[in-house]
Amino acid sequence: YLKPPKTIMEIDRVENWAFKVFCLSTIFITFFSIQAIYNWPPLAEKLSIFLACALPAGIIILGRAGIWLKTRQIPKEFIWVLLISIFGLFSCLQSENQEASLKSMGLFLATGPLVFFVAKIIFKPTKNKESYLWMTSLILLGLAFWGIYEHFSLGIVYLFSRNPLPAGTLLILLSIGPLILLNRPNMMLAKFTLVLILFSSMFLIILMAKKSHLLGLMVFLITLIIFNFRKYYKFFMGFILLIVIALFSSDSLRLKNENLINWFSQLTALSSANPEVLNHKLPLAIYGSIPLRVENYFFGLHVIKKKPTWGLGFKAKFDSYFTDYNIRLDKFFSKENYQEYIQSQNAFENIVLTYLIEWGAIFCLIYFGGIAYIVILYFKKFKKPLIRKIDGIFVVAIIISFSVISLTFDTLRFPNINWVYHTLLGLLVNIPEKSQVAQ
């Protein structure tokens, strides 16, 4: 028996502390980051978020810097973070509003790519992965019960996010905890608790009645079915049946999803045969999100063609880009109304399109290319029949579901979602080759 070198033992001890700090930071970012940005004094907001992001990464870097210098080997993920940071900085310096762009980019990097770098290292020990999964399960339970309370008391669910869209997306991302743990040989009480957590979060998502969330859950179940998890076909059909029953038995849900249930009448109202549409007398709200999102693609590509390399930066002004732009869906809204909508939202409700416009093609190529590389690397690591490793497929299915949701609103602009998403990427690359195989 050989004792491990002292430096290795010291690194393990340091990274054990880094994991504990990372867990505390996860709790803070999940519950308080958005509240801090909007409601706390500026100094308290900046200091708290900075410490939550910097402490875990700082502990890891200080602990491993000596080995990196001696071996002259820097981890690929750290180089990826540096490249994103460098080209993100270039994009900020080229932007119209440098101060706002630097703040937005800094928040994205600290709660996103840097989190992946930390997660990839601290999740190597199995006990850390298991502890994190139990922690996220308990966080999900707390959020689910709080969200149910919000729904019945306020009529709307925020989950500390100031917006129902990121609230529901956060529930879907955090569901990775109970999903993986249910396939562990746990005691009956633990399994009952995990089922309760999953049921509560799914019930809350249905109560929230947001199309993007329901679509994301459907994509998640379909992904599992595609990977030959046949038993999830029953869950998929049951989920569809549950949604239908909920929509037609609840007046509040039926009102929230009136545009889904009565979509034939809505199409008639938006038809070009309707003189009110032709005269642009209908308000933007009646159009629904589809025509606006389609127009976003046309206008977004128009902007990208003019500044493809570095983008416009955060909170850019789009007035000059409307002068030579011909609106495509003019049967639904006027150019003036659409311009007012873009300026008020300052978003294109699609994270890829938004980042291409804000940060440019080079930044997006490095960032999204890195994400694609991480997922592809997983599939190369687990070729059939090993591809059916249940832990990894759960993570991949949630990542695919999240990618679809990200086509409907700017997910990564929210620090709590950004943090949990990049944590899942760090979890994915640490799935062991001898993990449980799905039946």
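**Briefing: a predicted helical protein model**

Among contacts in the protein (heavy atoms within 4.5 Å) between residues at least 6 apart in sequence, 76% join residues at least 24 apart. The structure is a predicted model, in which local features need pLDDT of at least 70 and side-chain atom pairs count only at pLDDT 80 or more, while totals for chains, interfaces and linings use all residues. Residues are numbered from 1 along each chain as its sequence is written, and side-chain values use heavy atoms, with hydrogens and water left out.

**Overall composition**

- The protein contains 20 helices and 0 strands; helices (H or I, at least four residues) and strands (E, at least two) are DSSP runs, numbered from the N terminus.
- Of the 439 residues in the protein, 49% are buried, where buried means under 20% relative accessible area, exposed over 50% and partly exposed in between, with a 1.4 Å probe and protein chains only.

**Confidence**

- The mean pLDDT (the predictor's confidence in each residue, from 0 to 100) is 84, and 81% of the residues reach 70 or more.
- Residues 1–6 have pLDDT below 50, and this stretch has 1 contact in the model beyond near neighbours in sequence.
- Residues 259–283 also have pLDDT below 50, and there the model has 28 contacts beyond near neighbours in sequence.
- Where pLDDT is low, the predicted coordinates should not be read in detail.

**Packing of helices H4 and H18**

- Two packed helices are described by the angle between their axes and the distance between the axes.
- The axes of H4 (residues 98–111) and H18 (residues 351–381) come within 13 Å and cross at roughly 40°; axes are lines fitted to C-alpha atoms, for helices over the stretch in contact, and angles run from 0 to 180 degrees between N-to-C directions.
- H4 and H18 are therefore oblique to each other, since angles under 35 degrees count as roughly parallel, over 145 as roughly antiparallel, 65 to 115 as roughly perpendicular and the rest as oblique.
- H4 contributes Ser101, Ser104, Met105 and Phe108 to the contact, and H18 contributes Tyr355, Trp359, Phe363 and Tyr367.

**Buried sites**

- In helix H5 (residues 113–122), 9 of the 10 residues are buried, among them Pro113, Phe116, Phe117 and Ile122.
- Ser33 lies in helix H1 (residues 6–39) and is buried, with a relative accessible area of 0%.
- Not counting residues up to four places away in sequence, Ser33 touches Phe28, Ile49, Pro415 and Asn416.
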